[in-house]
Amino acid sequence: MDRPDELRRRIQQLEERLSRLSEASLRINESLDFDTVLQEVVDSARVLTASRYGAITIPGEVFRHPTFIASGLTEEEYQGFWDMPEGLGFFEYLNGLEEPLRVSDIAGHLKALNMPDFLPSVLVSSVLVSPIRHAGVRVGTIYLAHVTGGEEFTEEDEETLAMFASQAALVIANAGRHLEERRARADLETLMDTSPVGVAVFDATTGDPKSFNREAGRLVDSLRNPGQSPQDLLDALTITRTDGREVSLREFPMAELLSIGETLRAEEIVMRVPDGRSVTVLLNATPILSDEGTVESMVVTMQDMAHVEEQERLRAEFLAMVSHELRTPLTSIMGSATAIMQSGQDLDPAVVRQFVRIIGDQSEHMNALVADLLDVARIETGTLPVNPEPAEADVLVDRARSAFVSAGGRNNLSIDVEPRLPMVMADRRRIVQVLNNLLSNAARHSPGTSSINVSAVQDGDHVAFSVADEGRGIPADSLPDLFRKFSRAQSEEQGGDTGLGLAISKGIVEAHGGRIWAESDGPGTGACFTFTLPSIEDSGGSVVEASPSFSTRESKVEKDRVRVLAVDDDPNDLRYIRDTLVKSGYDPIVTGEPDEALHLMAQARPDLVLLDLMLPDRDGIELMKHILDVADVPVIFLSVYGREEVIARAFDTGAADYVVKPFSPTELSARIRAALRRRITPEPSEPYALGVLTIDYASRRVVLAGRPLHLTPLEYRVLAELSANAGRLVTHERLMGRVWGDKGDDVRSLRTIVGRLRRKLRDDADTPTYIFTEPRIGYRMPKGETPDQLPPPTP
């Protein structure tokens with residue numbers, strides 16, 4: 001064949017190749033659906049090169065959509081690629097290629113690279129691979145293959161695939177952007193549709209609603225008649241603004257009002273229809289302007305004020321009830337005092353005593369009402385005073401029983417306290433107050449001849465107290481609102497009282513680190529109220545008994561130096577947690593990054609960790625496992641998820657506690673104290689001995705050179721605390737907190753005690769043997785050795 005004919009043939013082949021490329025380019029541009037585009041790309045690549053098999057991979061970091069799409073494979077062959085030994089390694093190698101790869105024997109090629117044997121689900125030999133790049137970034141890889149014994153790929157095939165890959169890159173990038181836009185739009189629509197605030201977009205030209213979310217639809221449906229269109233409803237609406245102006249949409253069409261472009265911010269308006277139905281909403285309106293500056297559309301948000309109005313109504317009813325409850329005893333007091341003053345000497349002394357008794361009783365009643373109001377205020381501000389200390393469950397129940405009977409309770413009380421219960425951390429007066437509230441509540445709604453059952457049982461690390469009655473029961477829909485202030489359910493449950501008893505009980509229990517709830521099978525079946533308190537057990541798991549020793553009298557976890565690491569990806573939640581920790585006296589360390597949390601664990605050495613369950617790209621429970629590998633500290637989960645299986649999984653994995661959002665500052669602080677309290681180191685089981693000094697913790701005896709030392713209780717506590725932490729520095733703050741509890745705030749008192757101890761131990765402060773001073777920080781004692789035998793006790 002002469003040269004001109006060869007040239008014409010080459011030109012014709014080039015034209016045919018360009019024609020095939022043009023047709024393939026048109027095919028892959030017909031759709032923007034991501035998966036459809038990828039399938040068209042790999043199908044067209046097979047057609048261009050007459051390949052038997054083809055595939056395309058898209059890494060997940062490109063479009064958050066890791067994809068593997070094949071062409072020419074059956075379902076079994078497709079699955080075989082994933083089941084292939086070292087299959088992932090094979091694709092990782094090919095995905096890492098910077099240039100196209102064309103080999104006639106892929107198995108031999110991989111073997112030469114010392115890679116594992118290539119054993120695919122189909123027999124292939126000749127392979128052609130090309131990377132897909134867009135704007136310098138790899139967006140995918142195309143793989144083509146011929147069957148073993150078949151054709152081989154040519155240089156022309158390689159050039160054709162490279163040109164097609166460059167065209168496909170732009171199409172894939174566009175489809176990926178379209179996919180991301182659809183996802184973003186879907187996320188926005190989901191957010192808008194689930195928002196508790198109504199959102200509507202109006203066309204400023206026609207006045208018609210262009211779109212609205214579910215809450216806006218609910219508000220519209222509450223005013224719309226069956227079969228009435230949104231436009232007909234708008235024509236019938238009358239809007240009353242804050243300044244009293246009324247706007248009828250029949251007289252002023254919506255399009256005319258929207259064209260004004262007025263911006264509204266938090267204006268309370270009332271929307272009415274002719275039959276008298278109305279809805280009050282807090283309205284915001286923002287115009288959207290075109291490039292020419294004219295109003296194109298209007299975005300309107302509407303927050304239903306029904307809940308706020310209901311709360312205001314309940315608050316007004318509550319204030320009226322409180323006024324009545326205060327006025328009633330005040331009337332009795334004034335009447336009795338007036339009768340005494342006006343009667344002079346003529347009144348019988350017995351009658352005078354009766355009037356004085358009335359004044360005293362009613363004054364106590366008023367004092368109780370005022371105390372309830374103050375408790376509610378303190379609970380809301382997180383300043384409710386609670387001083388927990390070790391207490392016996394049966395003693396708390398017995399005190400509540402005595403108070404109930406003394407107050408005139410007629411119901412028979414059935415007491416069932418589980419034997420050998422551990423002690424609980426409780427402010428005795430406050431917990432008896434809770435039990436009294438629950439007993440009074442049960443008696444108020446039970447026949448006088450019925451029994452009220454009071455029980456206490458161990459529930460894991462807590463003790464559960466229950467008060468069950470045989471009264472009128474509680475409807476299921478009222479149970480969630482029982483412990484809320486100004487709740488209709490609580491007011492009904494507590495009859496003619498102020499309705500604060502259950503709310504106060506909830507605040508007290510949560511301040512102790514416990515929980516309270518109510519159960520009832522419905523009207524006529526009675527009700528059971530249960531609350532929990534954290535229990536105390538020693539390191540061996542046995543019950544801690546009341547003792548004057550310093551370790552079991554601990555009523556306060558020393559907080560001044562306690563560092564708490566908080567990990568939460570929500571900035572608002574993190575700010576709230578940090579403020580709560582600061583107000584509670586802790587040293588907060590906060591981060592929103594899970595990886596930084598592990599670094600902070602090693603660097604800052606926190607004493608406790610608050611951990612959000614759901615973190616970006618990281619499971620909170622798995623992160624807790626890594627945290628516990630760094631340091632054995634209590635971990636408290638904070639989460640909006642309150643499902644039992646999630647909570648159980650957290651506890652099974654090692655969580656110290658689980659707090660469901662939202663939570664009050666009082667509850668969080670109390671749960672931190674409870675978790676830290678369980679970590680308090682108990683007294684050493686063996687005596688401390690150093691030189692001629694021996695401290696026997698079991699008998700609380702201190703012996704120096706064979707002679708017992710007579711120490712005051714405070715002196716012994718200071719010495720025992722220092723020796724129990726032998727070899728470690730004990731700060732002034734920790735020592736005062738451990739010895740004096742809540743009253744430990746005077747370093748001078750501590751120095752006086754240490755001075756007396758040194759004199760009794762014959763220890764020189766300048767060259768000490770036993771108690772060493774770290775200026776402005778604290779004290780320490782050297783590590784001792786356990787003696788083989790203590791001196792015999794002195795008679």
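This report walks through a few parts of a predicted model, one region at a time.

## Ground rules

The model is predicted, so local features are given only at pLDDT of at least 70 and side-chain atom pairs only at pLDDT 80 or more, while totals for chains, interfaces and linings use all residues. Residues are numbered from 1 along each chain as its sequence is written, and side-chain values use heavy atoms, with hydrogens and water left out.

Helices and strands are DSSP runs numbered from the N terminus (H or I, at least four residues, for helices; E, at least two, for strands).

## A sheet of five strands

Let's start with an open sheet. Its five strands line up as S2-S1-S5-S4-S3, with antiparallel pairing; two strands pair if DSSP finds at least two bridges between them. At the edges sit strand S2 (67–71) and strand S3 (101–103), each with pairing on one side only. From one strand to the next, the twist averages 15°. Nine bridges connect strand S4 (residues 124–134) with strand S5 (residues 137–147), again in the antiparallel sense. Val127, for instance, has Ala145 in S5 as its bridge partner.

Two helices pack on this sheet. Helix H2 (residues 34–49) touches strand S1 (53–58), S2 and S5, and its direction makes about 40° with that of S2. Helix H7 (residues 155–194) touches S1, S3, S4 and S5, at about 45° to the direction of S4. Such angles run from 0 to 180 degrees between N-to-C directions, with axes fitted as lines to C-alpha atoms (for helices, over the stretch in contact). Contact means heavy atoms within 4.5 Å.

Is Ser297 buried or exposed? At 7% relative accessibility, Ser297 counts as buried. The scale goes like this: buried is under 20% relative accessible area, exposed is over 50%, and partly exposed is in between (1.4 Å probe, protein chains only). Ser297 belongs to strand S12 (residues 295–304). Leaving aside residues up to four places away in sequence, Ser297 touches Val201, Phe202, Ala204, Lys210, Thr286, Pro287 and Ile288.

S12 also turns up in the cover over helix H8 (residues 214–223). The buried residues of H8 are Glu215, Ala216, Gly217, Leu219 and Leu223. Among the elements covering them are strand S6 (198–203), strand S7 (209–212), helix H9 (230–236), strand S10 (264–272) and strand S11 (278–289).

Which residues of helix H18 (residues 594–604) are buried? They are Pro594, Ala597, Leu600, Met601 and Ala604. These cover an arc of only 105° around the axis, which puts them on the same side of H18; the arc is taken over the directions from the helix axis to the C-beta atoms. An α-helix has 3.6 residues a turn, so residues three or four places apart point the same way.

On the other side of H18, Asp595 and Gln603 are exposed. The packing partners of the buried residues are strand S20 (563–567), strand S21 (587–591), strand S22 (608–612), strand S23 (614–615), strand S24 (618–619) and helix H19 (620–630). Just past the end of H18, Arg605 has a positive phi of about 50°.

## Rings

How many aromatic pairs does the structure hold? There are four. Rings of Phe, Tyr and Trp (its six-membered ring) pair if their centres lie within 6.5 Å; planes under 30 degrees apart count as stacked, over 60 as edge-to-face and the rest as tilted. Phe465 and Phe531 are stacked, because their ring centres are 5.1 Å apart and their planes are at 10°. This pair links distant parts of the chain, with Phe465 in strand S17 (residues 462–468) and Phe531 in strand S19 (residues 528–536), 66 residues apart. Both are buried.

Phe637 and Tyr658 have ring centres 6.4 Å apart and planes at 45°, so that pair is tilted. Here 21 residues separate Phe637 in strand S25 (residues 635–639) from Tyr658 in strand S26 (residues 657–660). Both of these are buried too.

## Strand S28 and its neighbours

Strand S28 (residues 693–696) is covered on both faces: Leu693 and Ile695 are buried on one side, Thr694 and Asp696 on the other. S28 pairs antiparallel with strand S27 (residues 688–690) over three bridges, and four bridges join S28 to strand S29 (residues 701–704), also antiparallel. Thr694 stands opposite Ala689 and opposite Val703 in S29.
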